[in-house]
Amino acid sequence: MSDRKPVIISEEQLEEQRQYIQQIRLMPDAPKSYHVVTYGCQMNAHDSEILAGMLRDMGMEEAADRESADFVLFNTCCVRDNAERRALGNVTWLKEVRKKNPRLMIGVCGCMIQQPGMAEKILKQYRFVDLAFGTANLYRLPELMLKALESDHAVEEQNTIAEGLPVQRLRHDAAYITIMYGCDNYCTYCIVPYVRGRERSREMSAIVAEAEALRDSGVKEIMLLGQNVNSYGKGLQTPVTFAQLLKALDDVGIPRIRFMTSHPKDLSDELIDVMAHSKHILPQFHLPVQHGNDEILRRMNRHYNRAQYLDRVRKLREAIPAIGLTTDIIVGFPGETEEQFQDTLSLVREVGYDSAFTFIYSPRTGTGAAKM
C-alpha cells in the first residue's frame, strides 16, 4: 500500500515525454488512430481524457469505434466484478479483430491493472495484448507505447503516481478537475483503497489555477472529483477544508460547480453553509447511503448509522430547500436478511431521492466482505 504524495511532473519529465511523442510521430508503423474504452466512475472518465490527450499528441486521430482503430485502449474498473468481466470479455473479442487487422495494437490500463500481479497475469493470459499499466503510470503512456512499438514483447508498468498532465477534454463547455486521489475509508465491500492508494490531496492553489484556466478557455461547468471529496485536505502543507476549497472556487466565477463523491461521515455543517450561500455551486448532492440498516452499515465499515445519515439529509434540506439528492445503494450484502433489506426500502421512501445508483453486492478479492 502506497501513502506517497502525488509527484508533480517536472519540466524535465515533460520534455522526456515530448521526446517519446516525437519519436512515435516519426515512426511509419505507429498507429494512426485510437479508441479508448472506459469502464467505471468519473475518475476513470477523466483519466481517459488524459490518455486521449497524449494519444492525440502522438499524431493519432480518434476512431469512431474499436473495429476501425489502430490502437484500442481499455481503461478498466475493478470496483465491481461485472465491470472487470465485461472488460476482459471485450479484450478477448479484439483477438478476432486483430486477425483482420494485424497492425492493431491493444492496451489495458486502469484500476484493474493496479491490483498486485494483475498486469503480469493479463499479459500471460492474453498474449495479444501489447501493453498493460495501472492508474499510477498514466503519464508514461508515450514511453510505454514506444517500448511496445520497438519490441516484440508486451510492456508492463505499475509503480509511480503523478499529476499535472495535458488533457483532451470530451466537451468544450464542461470539465473534470481531480482534487484528490485515493481513499482511506476501507469500506469492506470496496477495493478502491487497494488500487488507488491512500488519500492524497492536491494543493488548493493548483486546483484554483486549473479552474481559472478553464474559465478563461470558456468552460461553463466543472465537476470536482475524488473518492471522498468531503475529506479533502489531508497531507497539505497548509490545512484546507473542502468547504474552504469550494468557497475559493465559487469566487473564480465558473457558472456551474458540481462535485462527487461524498461520504456522509465527513459532511460538515461548514460545507452545508458554504453551499447554501454560494453563487455557483449547484443545489445537488450525491450522498451514498449504501444501506438502511445499522448492523449492515457497521459490517460495511461505513462509520455512521441510519439516524446520523438522516440528520445530514435534514440539515441539507433545511439549508438548501431545493437541493437534489442522489445516492448509491447495495443489495445482497453478505448476511443481509429480508428485514434488513426492508430497512433500506423504508429509508429510500423517507428520503425521497431524485435518483439512485443501485447495485447487487459483488465480492472483490482482497476486501473484508469477500471473507464474510
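In the predicted model, Arg 258 and Glu 221 form a salt bridge whose closest N and O atoms are 2.7 Å apart, a salt bridge being a side-chain nitrogen of Lys or Arg within 4 Å of a carboxyl oxygen of Asp or Glu. This pair links distant parts of the chain, with Arg 258 in strand β13 and Glu 221 in strand β12, 37 residues apart. Glu 221 also forms a salt bridge with Arg 256, at 2.8 Å between the closest N and O atoms. Glu 221 is buried at a relative accessible area of 13%, whereas Arg 258, at 24%, counts as partly exposed (buried means under 20% relative accessible area, exposed over 50%, and partly exposed in between, for a 1.4 Å probe and protein chains only).

By the same rule the count comes to 18 salt bridges. The side chains of Arg 312 and Asp 311 meet in one of them, at 3.2 Å from N to O, and salt bridges that share partners join Asp 269, Asp 311, Arg 312, Arg 314, Lys 315 and Glu 318 into one network.

Leu 51, Met 54 and Leu 55 in helix α2 meet Leu 141, Pro 142 and Met 145 in helix α6, contact meaning heavy atoms within 4.5 Å; helices here are DSSP runs of H or I with at least four residues, and strands are runs of E with at least two, numbered from the N terminus.

Residues are numbered from 1 along each chain as its sequence is written, and side-chain values use heavy atoms, with hydrogens and water left out. Because the model is predicted, local features need pLDDT of at least 70 and side-chain atom pairs count only at pLDDT 80 or more, while totals for chains, interfaces and linings use all residues.
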